[in-house]
Amino acid sequence: MASGVKPRVKSPKTASAGEVVTLKTLISHPMESGQRKDSDGNVIPRSIINRFTCELNGNMVVDVTLEPAISTNPYFEFEAKVDATGEFKFTWYDDDGDVYEDIQAIEVA
Amino acid sequence: MKLTRRDALAWGLGATAVAMLPMRAFAAIEDSIAEFTGGAEAGSGDISLDAPEIAENGNTVPVSVAAPGAVAIRLFAAGNPTPGVATFNFGPAAGSQSASTRIRLAGTQDVIAIAQMEDGSFIQTAKTVKVTIGGCGG
Amino acid sequence: MMKAKLFTGIAAAALAFGAGAAFADEDAELVINGEIEIVTKTAAPAHLDGALDEIMSGWRFRDSTTQAMEMDDFDNPGMLAVEDAREKWAMAEGSEGKSCMDCHGSPEDMAGVKPVYPKWNEGAQAVYTLQMQMNDCRENRMGAEPWKVDAGDALAMEGLLSSVSRGMPMNVAIDGPAQSTWEQGKELYYTRTGQLDLSCANCHEQNYGNMIRADHLSMGMVNAFPAYRLKDTKLVGVQSRFKGCVRDTRAETYNPGSPEFIALELYVASRGNGLSVEGPSVRN
């Protein structure tokens, strides 16, 4: 169980139909790469967020496969085209099986 | 030795002139790229990669990629213990085929971005990032 | 291969040396979230007695991408811990069943606290750092366990208290009952230590702006602590940084929480009087 993992999203509340908006996401996660060793010399096993997806009204915006070279507290910035009022769904998948989700409403003015 | 296109790809050469070449694990990067492209050649095209020339810290290096019309963009760090960094798959609701993130670089090396286009072809670009090891603060 | 490796090393070092100008935009201004104006450069306080004309925040010495990360609270990874602390602020802890909020109100009500720390505490008859004051509250008023110096919880809370004072000028007292502690700190600042025989002043007063290997030396100000160091990917506290610096002169270092480091923190904070409280900052 990864503790203290918290997702955060910066997304606009409103947009005009067809507008391209910028989304920023950040999740607090150590992204243990599997390269480090502990004081006894044993490899600390890999434990990372391995996938991040963003959907808008059920349509895929972006689906990211993460590998250990993504920095601690994974950060993504990308663009979405807003078609209709609804919601953005952001999902992060952890190696340990946990799934984190954040939902942000968007209204087409 | 004749520099084949595959070699040029592995060495991170392409549309951008590369000042420095990666020092380790050429085989690993070649295999990693081949896994993504299925062995197809990646040519030059409308793909950009933004990365600092000198990274103040290798632990958190901001990078951006963009390839209009791409289905997916894969990022590699040629000198890392494992070269794969991330794959960005773009869907119908994407506003552009671009993304920014922060990555870890083990040392000075080439960062390579390869985009898979809708017609199944691949285009690529690379950038050398010098990673400094601090004086006293590090 | 070996030759190529050497070439890379030399070229990288040469480039780092020559690229000093490319690093930070030393004329850039720092405005956080488009609204908090941070003073990162100002006249040196009088007590510096001409040792420096101007003082500058460490922000000015970082490259543009690091600087950019601090300009927006969403982009600033240090704010993750601050948000955690905001939740802790409202949670009761300890035998008395009190939270910080019960006595102190909202975190925003604490604006103005960070700029004057470290400061003299009448009850303890000693100079207190902000972390010491927080522990005083925890032990004596909440009946809770004190935090270790620069522990994650302590830094997150210090980060929260700092964040609500951003933009306010540092203003620690150097006279009155704090004076002798301040003078002890000043003496430490100018004392050479270690096999490398370096004092704080050698680097941060006499060589700020120069490169020490691949590090761009700052003035060693602490107005922006706690700092989210990209190298550590977490908040780092002032006294932990002092420990690192002293260790880097190859000296037997003092420990965080020691009287020497409390005195040094007071003195170094006073060197930055006039710069805005900036933390949690982003540094390399």
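How many salt bridges does the rule find across the interface of chain B and chain A? I note first that the model is predicted. I looked, and the rule finds 1 salt bridge across this interface. A:Glu67 forms a salt bridge with B:Arg74, and their closest N and O atoms are 2.7 Å apart.

Next I looked up polar contacts. I count 19 residue pairs in polar contact between chain B and chain A, with both residues at pLDDT 80 or more. On the side of chain B that touches chain A, strand E6 (84-90) and strand E7 (94-103) each supply at least two residues. E7(B) gives the largest share of that side, 9 residues. I sorted that side of chain B by class and have 11 nonpolar, 12 polar and 3 charged residues.

Then I turned to the extent of the contact. Chain B brings 26 residues to the contact and chain A brings 28 residues. The two chains bury about 2100 Å² between them, with 47% of it on carbon and sulfur atoms. B:Ala93, B:Arg102 and B:Arg104 supply 31% of the area that chain B buries against chain A, more than any other three residues.

My last entry is on the second largest pocket, which holds about 830 Å³ of space. It is lined by 40 residues, and those closest to its centre are C:His204, C:Ser218, C:Gly220, C:Arg241 and C:Cys245. I find that H10(C) supplies the largest share of the lining, 6 residues. Other elements of chain C with at least two lining residues each include helix H8 (179-189) and strand E9 (227-229). By class, the lining has 21 nonpolar, 13 polar and 6 charged residues.

Notes:
Residues numbered from 1 in each chain as written. Chains lettered and ligands numbered in written order. Predicted model: local features only at pLDDT ≥ 70, side-chain atom pairs only at ≥ 80, totals over all residues. Heavy atoms only, no water. 1 Å grid on protein atoms, 1.4 Å probe; cavity = no way out; pocket = protein on both sides within 12 Å on 5 of 7 lines; lining within 4 Å. Points joined across faces, edges and corners; volume = space filled by probe spheres on them. Helix = DSSP H or I, 4+ residues; strand = E, 2+ residues; numbered from the N terminus. Nonpolar A, V, L, I, M, F, W, Y, C, P; charged D, E, K, R; others polar. Contact = heavy atoms within 4.5 Å. Buried area = accessible area lost by both parts, 1.4 Å probe. Salt bridge = Lys/Arg side-chain N within 4 Å of Asp/Glu carboxyl O. Polar contact = N/O pair within 3.5 Å; in protein donor to acceptor, adjacent residues only side chain to side chain.
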